[in-house]
Amino acid sequence: MDGGRAAAGGAGPSPVAAPPHPTAPSSTPVDVSSFIHTPCYCEENIYMLCKELMRIGVADPIGTDLYVVFISNEGKQVPLWHQKASTSDDGFICWDYHVICIQSRRNKGEVLDLVWDLDSDLPFPSPFSQYVSDAIQPLAFGDSKYRRLFRVVHAPLFLQSFASDRSHMKDPTGNWIQLPPKYAPIMAADGTTNNLHEYITMSVDDVADIESMVNDVYSNKHGVVVNETILPRFFSRLPGSHP
């Protein structure tokens, strides 16, 4: 289990296409300890991380270069490596779901995407290729129930649409399984108070062709679902947010 929230107001979400040549974010150094992190609330942690990256100028001011990525599958069993919560030397753990942020960066045609994972012991942030090879890792057991799916949501849409009342972190008697963040639960711009399940629920049937997904990620508030094979190609096809 892994997840975070902040109240929002205003109109409903609208598509925000990634501009071809916005102003490049600053190269302000960042340290993982400077970000809000509540154990087991990875979705809220990433929500707050996106806000902070925008605020300090590391990301585009409205987050057009940021993508929130939910990692899960039908069985809610997703193996990942290099996770701080692990008790093994290689950082292996099997989450029901996990959430990271991928920053789409380009420089003279070169893809320089970064992964922001507050729960990883890899460099912060990590080059996308390193994170895929070290943290995700191709599964040795191939086509199995452990195959990961990735719901990719454009950050401007996510920050308007996401909500959680944290009820998934309470037991049947209403006690906290894990203590929640100290700030108020996150509410969507339209007043929705809980839709976490809509983001973590995904199936192989949700995976479409790569061309349509590259377009749909900018208009669908729930993003698009890609599989392990498509993931690197999907991000390489995005327009990026750097000249």
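Predicted model: local features only at pLDDT ≥ 70, side-chain atom pairs only at ≥ 80, totals over all residues.

Two strands are said to pair if DSSP finds at least two bridges between them. By that criterion, strand E9 (residues 149-154) pairs with E10 in the antiparallel sense, over four bridges.

- Six strands form an open sheet in the order E8-E7-E4-E1-E9-E10, and their pairing is antiparallel.
- Strand E8 (126-127) and strand E10 (224-227) each have a single partner strand, so they stand at the edges, with one side of each left without a neighbour in the sheet.
- Helix H1 (residues 42-55) packs on the sheet, where it touches strand E1 (66-72), strand E4 (98-103) and strand E7 (114-116).
- The direction of helix H1 makes about 20° with that of E4.
- In the pairing of E9 with E10, Phe150 stands opposite Val226 in E10.

**Strand E1**

- E1 pairs with E4 in the antiparallel sense over six bridges, and Leu66 stands opposite Gln103 in E4.
- E1 also pairs with E9 in the antiparallel sense over six bridges; here Val69 stands opposite Val152 in E9.
- Seven of the seven residues of E1 are buried, so this strand is largely enclosed by the rest of the structure.
- Both faces of E1 are covered. On one side, Leu66, Val68, Phe70 and Ser72 are buried, and on the other Tyr67, Val69 and Ile71 are buried as well.

**The largest cavity**

- The volume of the largest cavity is about 50 Å³.
- Its lining consists of Val115, Trp116, Asp117, Ser120, Leu122, Pro123, Phe124, Pro125, Ser126 and Tyr131.
- By class, seven residues of this cavity lining are nonpolar, two are polar and one is charged.

**The largest pocket**

- The largest pocket has a volume of about 150 Å³.
- The residues that line the largest pocket are Arg147, Arg148, Leu149, Val204, Val207, Asn227, Glu228 and Thr229.
- This pocket lining divides into three nonpolar, two polar and three charged residues.

Note on methods
Residues numbered from 1 in each chain as written. Heavy atoms only, no water. Helix = DSSP H or I, 4+ residues; strand = E, 2+ residues; numbered from the N terminus. Contact = heavy atoms within 4.5 Å. Axes fitted to C-alpha atoms, helices over the stretch in contact; angles between N-to-C directions. 1 Å grid on protein atoms, 1.4 Å probe; cavity = no way out; pocket = protein on both sides within 12 Å on 5 of 7 lines; lining within 4 Å. Points joined across faces, edges and corners; volume = space filled by probe spheres on them. Nonpolar A, V, L, I, M, F, W, Y, C, P; charged D, E, K, R; others polar. Buried < 20%, exposed > 50% of the residue type's maximum accessible area, 1.4 Å probe, protein only.
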